[in-house]
Amino acid sequence: MQTASRIIKTTLVAALTLLGASLHAGESKESTSIADAIQAAGQQHRPVLIDFHAVWCYSCYYMASHVLNGPAWDAVEHKAIVVEADADSPDGQAWMKKLKVSFLPSYVVLDEHGNELGRIAAEQPREKFYPQINAIIANGQSLDALKAKADSGSVDAVAGVLGAYKARDEGEEGLRWFAAVPAHVRDATRKDPRVALALSQLGLAKAQAANDDQAVIAEAQRVLAGPIGCERPYVLDSLLDASKSLSAAQRTALLAPQRQPLDHYLNAQVLSANPACVDQRSAVLASANLDAALGDHAAEADVLDRAIKLAGQGLGDDVTHDRNLADNLRAYLARAKRTDELDAFQRKLIAAYPDDYVYSYRYGRSLLEAGKPEAALPYLAQAATKAYGANRLAVATQQVKALKALHRTDEAKKVADEAVADSGPWFPKQIDALKAEVKS
């Protein structure tokens with residue numbers, strides 16, 4: 001994700017004036033929609049790189065300030081038509097659904113015909129991101145082409161197809177495809193560590209989609225036993241969630257073996273001087289959640305205090321120095337329940353990013369949840385003037401809650417009606433939720 005001032009808020013009714021040959025490398029990508037970019041790609045025989053992001057996405061902040069800049073990014077923009085897609089806009093949400101994007105940030109490369117060549121999900125350090133994205137742009141193949149190579153026995157192709165299904169979070173579909181490849185290919189490729197791990201990951205995705213906690217527990221343990229690198233905290237989160245229904249003794253026996261590998265991951269790959277995995281927040285919160293589940297509240301407090309101290313040192317007195325780190329600090333303070341510090345810090349963030357809805361919205365919502373609807377309303381009103389798309393409706397829902405708590409029902413209905421009128425027909429679930437809140 002780029003900084004907030006560069007976010008494009010595309011809509012489904014954006015003008016479809018063809019860019020054609022006028023969209024060349026180096027020209028502003030904010031002037032086009034995804035549909036325009038694909039049409040231009042067909043004329044120029046260049047791939048399209050779609051950058052899916054959102055203003056509330058802390059991982060997107062990291063990518064914007066640490067990765068998507070400099071000569072290496074300039075070179076990518078020269079080779080591909082880069083278009084930004086705001087996940088909260090109608091167009092962004094429509095394309096996320098079409099391409100089955102379930103993670104932010106995500107970087108999806110399409111060929112000139114609109115076929116996917118590959119994708120990268122979640123934040124990555126520069127030394128990992130650029131080799132991957134350049135390889136996809138230079139050598140990417142459509143899923144159908146990879147499948148044809150897989151059927152002929154290519155281990156790399158089998159791993160690539162399974163990876164593509166994993167990136168789309170299509171566990172059942174990926175396992176079904178693998179079951180249909182020739183038996184000799186399955187038998188030969190199953191021995192490859194990449195294939196074995198991908199099959200376990202697809203099994204986990206299938207179990208999660210089916211809400212099968214027992215299967216999630218079994219598959220998550222298999223995945224966590226493999227070389228999963230930076231995905232460890234995400235898989236551990238799945239194990240923590242699925243094990244909540246177990247008895248305390250059963251849960252402790254299940255989770256205790258995860259303590260040592262997570263500590264090593266946190267210390268060696270996340271909080272080190274040169275981290276190999278840059279999603280610090282997920283690692284810290286997974287560690288705190290694991291400690292809490294094991295009943296080790298001293299360790300839980302310790303990891304949060306350590307993260308808060310490191311984030312504060314990294315920011316100094318300037319919360320704009322590193323927005324990813326600043327948002328991490330906000331999350332750590334919230335998780336540690338350091339309420340006074342959190343309130344003061346949230347006000348700093350609101351002042352530092354006055355053009356964004358997200359911090360005034362979060363602070364207003366926290367005040368409302370603390371039973372302070374009168375204090376929440378000005379912040380929610382401030383957020384409403386900046387929010388758009390699905391988030392305009394989310395803000396309005398909180399405004400309605402605050403106004404109803406103050407018995408200002410007519411104002412609540414007016415706020416809801418205005419938000420629905422502003423948002424158009426593109427977000428039916430959020431509109432229904434807002435209307436239900438008015439009536440509740």
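This is a guided tour of one predicted model, going from the whole chain to single residues.

Local features are described here where pLDDT is at least 70, and side-chain atom pairs count at pLDDT 80 or more, whereas totals for chains, interfaces and linings use all residues. Residues are numbered from 1 along each chain as its sequence is written, and side-chain values use heavy atoms, with hydrogens and water left out.

**The whole chain**

Begin with the protein chain in a cartoon view, where there are 23 helices and four strands; helices (H or I, at least four residues) and strands (E, at least two) are DSSP runs, numbered from the N terminus. The radius of gyration, taken over C-alpha atoms, is 23 Å, close to the 22 Å that the globule rule gives for 440 residues, so the chain is as compact as a globular protein of that length. The globule rule itself is 2.2 Å times the number of residues to the power 0.38. Along the principal axes, the C-alpha atoms fill a box of roughly 70 × 65 × 45 Å.

If you now colour by accessibility, 50% of the 440 residues count as buried, where buried means under 20% relative accessible area, exposed over 50%, and partly exposed in between (1.4 Å probe, protein chains only). With a surface display, the chain exposes about 19900 Å², of which carbon and sulfur atoms supply 53%; these areas come from the Shrake-Rupley method with a 1.4 Å probe, and for residues only the protein chains shown count as cover. Among contacts (heavy atoms within 4.5 Å) with a separation of 6 or more, residues 24 or more positions apart account for 63%.

**The nonpolar cores**

Next select L239, F345 and Y357, which touch the most other members of the largest nonpolar core, a set of 75 residues. A nonpolar core is a set of buried Ala, Val, Leu, Ile, Met, Phe, Trp, Tyr and Cys residues joined through side-chain atoms within 4.5 Å. Helix 21 (residues 389–405) gives the largest share of this core, seven residues. Keep Y357 selected and show its surroundings: leaving aside residues up to four places away in sequence, Y357 touches V55, W56, D88, A383, K386, A387, N391 and V395. A second, separate core has 22 residues, including I38, A40, V48 and M96.

**Helix 2 and what covers it**

Select residues 58–66, which form helix 2; seven of its nine residues are buried, so this helix is largely enclosed by the rest of the structure. The buried ones are Y58, S59, C60, Y61, Y62, M63 and A64.

**Backbone points in the loops**

Most residues other than glycine have a negative phi, and most peptide bonds are trans. With that in mind, select H45, in the loop between helix 1 (34–44) and strand 1 (48–53), where phi is near 55 degrees, a positive value in a residue other than glycine. H45 counts as exposed, at 56% relative accessibility.

Move on to the loop between helix 4 and strand 3, where K100 lies. K100 is not a glycine, yet has a positive phi of about 60 degrees, and at 42% relative accessibility K100 counts as partly exposed. The loop between helix 4 (90–99) and strand 3 (106–110) also holds P105, and the peptide bond from L104 to P105 is cis, with omega near -5 degrees.

A121 is partly exposed, with a relative accessible area of 27%. A distance drawn from A121 to A167, C-alpha to C-alpha, spans 7.2 Å, although the two are 46 residues apart in sequence.

**Two last stops**

Select A220 in helix 11 (residues 213–224), which counts as buried at 0% relative accessibility. Not counting residues up to four places away in sequence, A220 touches L204, V235 and L239.

Finish at H78 in helix 3 (residues 70–79), which is exposed with a relative accessible area of 57%. H78 and Q398 are 320 residues apart in sequence, and their C-alpha atoms are 43 Å apart in space.
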